[in-house]
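Let us walk through this model together, one chain at a time and then across the contact between the chains. Keep the 3D view open as you read.

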Amino acid sequence: MDSYNIMFFVLAGIIVASSVLTVVTRSIMRAATFLFFALLGTAGMYFLMGYTFLGAVQTMVYAGGIIVLYVFAILLTRGVKDRISENTRKKIALSAVLSLVGFGLVGYIIFTAKLRSEVLTAPDERVMTMTRVGENMLSTDMNGYLLPFEAVSILLLACIVAGVMIARKR
Amino acid sequence: MIQIEYILIVSAVMMFAGVFGFLTRRSTLAILLSIELMLNATDLNFAAINRLMYSGGHEGYFFTLFSIAISAAESAVAIAIMINIYRQLKDTTADKLSKLKW
């Protein structure tokens, strides 16, 4: 057991526990808090894989932006007092069966697919450096991502305008 | 030793927790939280498969980056819609929102 394995098990435990608690807890505010921990655990997984820029983006955009947005939305609407699981037992049981069957299927496929079983080790220089991220993001050659970058920026602009238009007071 | 496949198992747990929440929740905001969980699981999958199959490459890395940006935009618009619905109907429970149907 080196430190990578210990960190992996800690992060996996955090992710599994908080994502299950997100969907079974009764108060929606607690659900948002557990979602926050699941997202932070995912950021930790990115750091563990050596994708540090991705982990930083995940922490800033998801944990810093989206969760704050959700908390504001929950507090602005009457979401806090909502009883969020008033479904019939049959429907809950059927949903649980569907999720478990799907998880079993995916797990079976993952373990029998004979993926290249690479051991998670400390990242070396094969993993993306910060310079290469920036060069790829803003270049137009074969490995460039300038066009999707611009498309995403237009999309974000449209979403800002749409959000203001929809949510403004009339 | 930790194989990278184990990350795929963790993200599968996250994905199907999201599916369960999506099917059982009633409050639309809780449904949105479940959708975020599912989106996050797919992001983790992209990154893990990129690291596993083609660790010199960067396709999954950039796909994850753009996917995070798009899901941020999606949740911003969705929350604007929720706030507007609450302002007009005073209720955001999914089975009460039937005004558009008839």
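Chain A has 6 helices and 0 strands, and from the N terminus on its elements run α-α-α-α-α-α. Helices here are DSSP runs of H or I with at least four residues, strands are runs of E with at least two, and both are numbered from the N terminus. This is a predicted model, in which local features need pLDDT of at least 70 and side-chain atom pairs count only at pLDDT 80 or more, while totals for chains, interfaces and linings use all residues. Residues are numbered from 1 along each chain as its sequence is written, and chains are lettered from A and ligands numbered from 1 in the order in which they are written.

How much of chain A is buried? Of its 170 residues, 24% count as buried; a residue is buried if 20 or more other C-beta atoms lie within 10 Å of its own, exposed if 12 or fewer, and partly exposed in between, with C-beta atoms placed from the backbone. Among the contacts in chain A with a separation of 6 or more, 51% join residues 24 or more positions apart. Two residues are in contact if their C-beta atoms, placed from the backbone, lie within 7 Å.

H1(A) and H2(A) pack with their axes 8 Å apart, at an angle of about 155 degrees. Axes are lines fitted to C-alpha atoms, for helices over the stretch in contact, and angles run from 0 to 180 degrees between N-to-C directions. H1(A) is therefore roughly antiparallel to H2(A); angles under 35 degrees count as roughly parallel, over 145 as roughly antiparallel, 65 to 115 as roughly perpendicular and the rest as oblique. The crossing of H1(A) and H2(A) is left-handed, a term used if the near helix is turned anticlockwise from the far one by less than a right angle (right-handed if clockwise). Residues making this contact include Tyr4(A) and Phe8(A) of H1(A), and Phe34(A) and Gly41(A) of H2(A). By class, the contact of H1(A) with H2(A) has 14 nonpolar, 6 polar and no charged residues. Ala, Val, Leu, Ile, Met, Phe, Trp, Tyr, Cys and Pro count as nonpolar, Asp, Glu, Lys and Arg as charged, and the others, Gly among them, as polar.

Turn next to chain B. Helix H1 (residues 5-24) and helix H2 (residues 28-53) of chain B have axes that come within 8 Å and cross at roughly 160 degrees, which means that H1(B) is roughly antiparallel to H2(B). H1(B) and H2(B) also make a left-handed crossing. Among the residues in contact are Ile7(B) of H1(B) and Leu44(B) of H2(B). H2(B) is mostly covered, with 21 of its 26 residues buried.

Asn50(B) sits in helix H2 of chain B. Why does Asn50(B) count as buried? Because it has 24 C-beta neighbours inside 10 Å. Beyond its neighbours within four places in sequence, Asn50(B) is in contact with Gly57(B), Glu59(B), Gly60(B) and Tyr61(B).

Finally, bring the two chains together. Their contact takes 70 residues from chain A and 60 residues from chain B. On the side of chain A that touches chain B, H3(A) gives the most, with 12 residues. The residues on that side of chain A divide into 47 nonpolar, 17 polar and 6 charged.
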